[in-house]
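Please read the notes below alongside the sequence and the model. They are arranged as numbered points for someone meeting this structure for the first time.

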Amino acid sequence: MGRILEEDIPDDRLETGPYERVLLVAVGTDGSDLEESLDELAELVETAGALTVGRVIQLRDTIHPGTYMGSGKVAEVRELLEETGATGIVCDDELSPAQLRNLEQALETKVMDRTLVILDIFAARAVTSEGKLQVELAQLRYRLARLVGLGHSLSRLGGGIGTRGPGEKKLEMDRRYIKSRIAQLNREQKELQQHRQVTRSRRTEQKLPVAAIVGYTNAGKSSLLNRLTGAKVLSENKLFATLDPTTRRLCLEGGQELLLTDTVGFIRKLPHHLIEAFRSTLEEAKYADIILHVVDASNPRAEKQMFTVYETLRSLQVSDKIIVTLFNKQDVLTGPVILRDFQADKSLPVSVKTGQGLDDLLHMLEEILLERQVYVESLFSYDQASQVAQIRKYGTLLFESYEAEGIYVKAYVPRALKGQLDHALARREKDD
């Protein structure tokens, strides 16, 4: 069992308050992985506003179905609660209703799990109406599962003693309210999903390629969007600093335009309630042409974080995309770090903070867009100048000459635009 003593806590954290003092508890089969997971849980707890005063790790073949940890560890945690003055514990996995109830009864303290902490952070960080709706929906689904679990212990449908009383009425009222609220939020979310689909359709009609910025939380995604497009998205050195997706237009040196979309940061053991609630937001990556995968190269857990990102993308059925991995935060590396991403098509060391490698990234994006385009060499009449304007906006104009018969153009254009141009030229020949 490891612990963080009070003298190890920074003085500025001791002076501020009030705050919750919590113990972190992890149960599993791999000790080293548990340590890393608890390090991340400690960051989550700090982001949520609590203070970690101790840690407990237990290695078991399986997680105890009733109390998460074994009875011996439960007694050990109870002693540590008294010793450290902790006001609660946070378990590193999502607890079942039975585990939550049994631990609260055995420890006589507040019991939380990783999912609850993440939901709390999301609730504090949501800004837009869509973000708030998605967080509330995830919270209600989480609470309903635990309320139903509590209901099994209170409900006695067979009749007799204990079937009546305000406790049962209150439980049923809570359950009905949560189900009603979830149904209402689902309706509102469907409307938002339809709006998002309309927005995607308009982008498709505009023939602008889309690049989705994905990555582990706090890898530098929002900072990249701000640096490349001048957006003013909040970017802080915190987990889940931004939740709401932001799309901005990026103009490349050759005149090509690209839409950059920031997405919610990923994390290990991302609660399935959140994945379901934020699915329409996370699916921005599914409909993108290019994936910009931002990795914190200074993080010792970078490879495992990359694995988590790809697992989440697979769960969202994101496939057959051009992936560019950016090994960010090169400016804070103290020595050579060798990182490779064998699932990416291209990779690049960058520092969003200093701008290192970003010019190379822009050239790389131009090359990728050029590879996705087809060559066009045609003469457009002057009454078809709008088609040439489309080429300038969405393609790469190589040569343009104003002749007596019209505008002679050599260019690379998206395949969708090529079909539109062919149709316009065929119609002109028919009219002639």
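1. Strands S11, S13 and S12, in that order, form an open sheet of 3 strands with antiparallel pairing; strands here are DSSP runs of E with at least two residues, helices are runs of H or I with at least four, and both are numbered from the N terminus. Two strands count as paired if DSSP finds at least two bridges between them. S11 and S12 stand at the edges with a single partner strand each, so one side of each is left without a neighbour in the sheet. From one strand to the next the twist averages 15°, where axes are lines fitted to C-alpha atoms (for helices, over the stretch in contact) and angles run from 0 to 180 degrees between N-to-C directions.

2. This is a predicted model, in which local features need pLDDT of at least 70 and side-chain atom pairs count only at pLDDT 80 or more, while totals for chains, interfaces and linings use all residues. Residues are numbered from 1 along each chain as its sequence is written, and side-chain values use heavy atoms, with hydrogens and water left out.

3. S11 and S13 pair in the antiparallel sense over 8 bridges, and Glu-377 has Lys-410 in S13 as its bridge partner. Helix H13 (residues 385-394) packs on this sheet, touching S11, S12 and S13, and its direction makes about 40° with that of S13; contact means heavy atoms within 4.5 Å.

4. The structure holds 3 aromatic pairs, counted when ring centres of Phe, Tyr and Trp (its six-membered ring) lie within 6.5 Å, with planes under 30 degrees apart called stacked, over 60 edge-to-face and the rest tilted. One of them is the edge-to-face pair of Tyr-375 and Tyr-412, at 5.5 Å centre to centre and 65° between the planes. Tyr-375 lies in strand S11 (residues 373-380) and Tyr-412 in strand S13 (residues 407-414), so the pair ties together parts that are 37 residues apart in sequence.

5. Elsewhere, an open sheet of 4 strands has parallel pairing and the order S2-S1-S3-S4. Its edge strands, each pairing on one side only, are S2 (50-59) and S4 (110-113). Within it, S1 (residues 20-28) and S3 (residues 88-91) pair in the parallel sense over 4 bridges, and Val-22 stands opposite Gly-88 in S3. Helix H3 (residues 71-84) lies across S1, S2 and S3, running at about 160° to S2.

6. Strands S6 (residues 247-251) and S7 (residues 257-262) pair in the antiparallel sense over 5 bridges. In their hairpin, which has 5 residues between the strands, Gly-255 takes a positive phi near 95°.
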